[in-house]
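Here are my notes after a pass through this one. Have it open alongside while you read.

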Amino acid sequence: MGNLWLVGMMCSGKTTVGGRASEARATPFFDVDRLVELRAGKSVVDIFRQDGESAFRRLEAAEIRRLADDSPGGGGSSGGGGMVVSTGGGAVLDDRNVEAMRRTGAVVWLDAPVSALAARVAGEERPLLAGVDAPRFLAEMLDRRRPMYEGAAHYRVDADRPVSEVAAEVSCCARIAVGGASEILIGPGLTSPLLPRSSGREQAAVITQPGAMPAARRVMDRLRAETDAVLIEVPDREEAKTVGTLGMLYTRLAELNLGRHDTIVGVGGGAVTDLAGFAAATWLRGIESVLVPTTLLGAVDASIGGKTGINVSGKNLVGAFWHPSRVSVGLDTLAALPEDLIREGAAETVKAGFIADPGLVELFTADGMSFPLAEAVRRAVAVKAEVVSSDFREAGRRAVLNFGHTIGHGVEAACGLAHGHAVSVGMAAAAAVSADRYGFDPGEVLLPLERLGLPTRIEQADRAEIRRLISRDKKRTAAGLRMVLLRGVGDPVVEQVDEDALEIGFSAVGVC
Ligand SMILES: NC(=O)c1ccc[n+]([C@@H]2O[C@H](COP(=O)([O-])OP(=O)(O)OC[C@H]3O[C@@H](n4cnc5c(N)ncnc54)[C@H](O)[C@@H]3O)[C@@H](O)[C@H]2O)c1
Ligand SMILES: [Zn+2]
């Protein structure tokens, strides 16, 4: 997981809020001014007085570079817990600082009005304010720096509120990299601007589905300041992922004369992000895409990892690996989802915990459907990003993401269960097989699933049909029937399994 960098004017609350955010995320906290003082052996005031502002800026830039290089994202990976860093008001004046911060984490601008800044600054010793009319000076400074804060930050947070509110909003912001291919930005709303910086962009085609229309309108509002944008609505759910819909979409893109430097933006659940991603992968042999997932499943799973595609007679049979340059996850949209969509997405969210993050599983065991959304999304995205980064084209390790999916896919197709529910049954079955092979305690999987109200058994299943569907899946993988098993929570192993193992899984979930 990347860092959280706080930028903003002096006295906007970066140090206080940063301290709170680091406590909430249980990550280290650094204040760049304090680091400069430690390194220089004197106070910021003395550095300004004795050595001048440019000497201070050099020291500040060196500390920011050091923190960026030391951070997990510094080398382009996504692992680690990141840190929270509060920077000085002028850190954004140097483009290299901005580049280092944006490359290694989410940059959040604490925006407070001059009146609030002036009230807080009174009585403090600030080198830049010595002997000047503070409110006037601050107003002029904010005018000058506003475009720089806007340009540097992924998120703007209103800092003219109680510290606890500001800290809560700041704490949920994150940037997680998928190798050097994609960045996933998680925040209270959409990132601002929505599109990554690039030159020569003329227009964006925004693709959405009926259920995501309110979110798509917010995207259109945001894009208005960035580029020309056209909204294209496609049919709901799997109807979006048909050859017919894709053909219609290509026709619209041709009418728009969408060019190589333009962008396809997918706003919706996994069906839309799969379709939009595939359109982007194939239009003019590949153009940039940005995804705005609006379901929990889309946010923690479908929009991450670069798999795109449509259905032809079977699910996802036509597709391409194509990484979106940015995924913007707005927690406001996810928090407003109907309960059934949250529950379904929670199945894939807790799955990420089973394969790689026991602490994530604990959130569901403790709180069931009242789980902390921001933390769960951040942790699940970090798991998927890390797994994908280690295996971009699904040569090996990425298979652990299929935990619960071997039997789950059979149950989904045979019983018409929603994907998340079928995967939940599949995970319960895989837990039983894991118990048999490794002495794993199946309760570790069953308890959080039950707390979420997800099914762990299925009555009246057509056993023969499920078996047929599973062996059809098997034919596609030369290696034969494989399952992801758990030696412990966070310790998965992908194994060849035989008929006996399948029997154990079936009986555990009531398929008999
Ligand atoms: N590419 C991948 O790696 C990957 C991974 C997992 C799943 N998928 C794909 O994702 C799809 C399933 O994703 P899904 O469950 O998000 O389905 P979906 O896109 O079909 O959306 C489900 C429903 O939610 C509605 N909806 C969307 N946003 C909403 C919102 N904010 N509020 C209310 N309703 C909203 C939609 O209109 C739809 O009716 C499948 O096609 C699956 O193959 C892809
Ligand atoms: Zn799945």
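Predicted model: local features only at pLDDT ≥ 70, side-chain atom pairs only at ≥ 80, totals over all residues.

1. Let's start at a glycine.

2. How many of the residues of helix α17 are buried? The count is 9 of the 11 in the stretch 405-415, so the helix is largely enclosed by the rest of the structure. The buried set runs His405, Thr406, Ile407, Gly408, His409, Gly410, Val411, Glu412 and Ala414. Note that Glu412 is among them.

3. Another positive phi turns up in the hairpin of β12 and β13: Ser313, with a value near 55°, in a hairpin that has 1 residue between the strands. Strands β12 (residues 307-312) and β13 (residues 314-321) run antiparallel and pair over 5 bridges. One bridge links Val312 to its partner Gly314 in β13.

4. β13 also matters for the ligand site. Along with α11 (270-282) and α12 (296-302), β13 gives at least two residues to the shell around ligand 1. That shell holds 29 residues, of which Gly211, Gly269, Gly270, Ala271 and Thr295 come nearest. By type, the shell splits into 11 polar, 10 nonpolar and 8 charged residues.

5. Take a look at Ala152, in helix α7 (residues 134-152). Is Ala152 buried or exposed? Ala152 counts as buried, because 24 C-beta neighbours fall inside 10 Å and the cut-off for that label is 20 or more. Beyond its neighbours within four places in sequence, Ala152 is in contact with Val7, Val92, Val98, Met101 and Val107. With Val98, the C-alpha to C-alpha distance is 5.8 Å despite a gap of 54 residues in sequence.

6. On to the core. In soluble globular proteins, nonpolar side chains tend to be buried together. Here the largest nonpolar core has 156 residues, and Val108 and Ile207 have the most contacts inside it. Setting aside neighbours within four places in sequence, Val108 is in contact with Leu4, Leu6, Ala153, Tyr155, Val157, Val170 and Cys173.

7. Finally, the whole chain. The protein chain has 21 helices and 16 strands, and buried residues make up 49% of its 512 residues. Of the contacts with a separation of 6 or more, 75% come from residues 24 or more positions apart. Along the principal axes, the C-alpha atoms fill a box of roughly 85 × 55 × 35 Å.

Key
Residues numbered from 1 in each chain as written. Chains lettered and ligands numbered in written order. Pairing = 2+ DSSP bridges. Helix = DSSP H or I, 4+ residues; strand = E, 2+ residues; numbered from the N terminus. Near = placed C-beta within 6 Å. Nonpolar A, V, L, I, M, F, W, Y, C, P; charged D, E, K, R; others polar. Buried ≥ 20, exposed ≤ 12 C-beta atoms within 10 Å, placed from the backbone. Contact = placed C-beta atoms within 7 Å. Core = buried A, V, L, I, M, F, W, Y, C linked by C-beta atoms within 7 Å.
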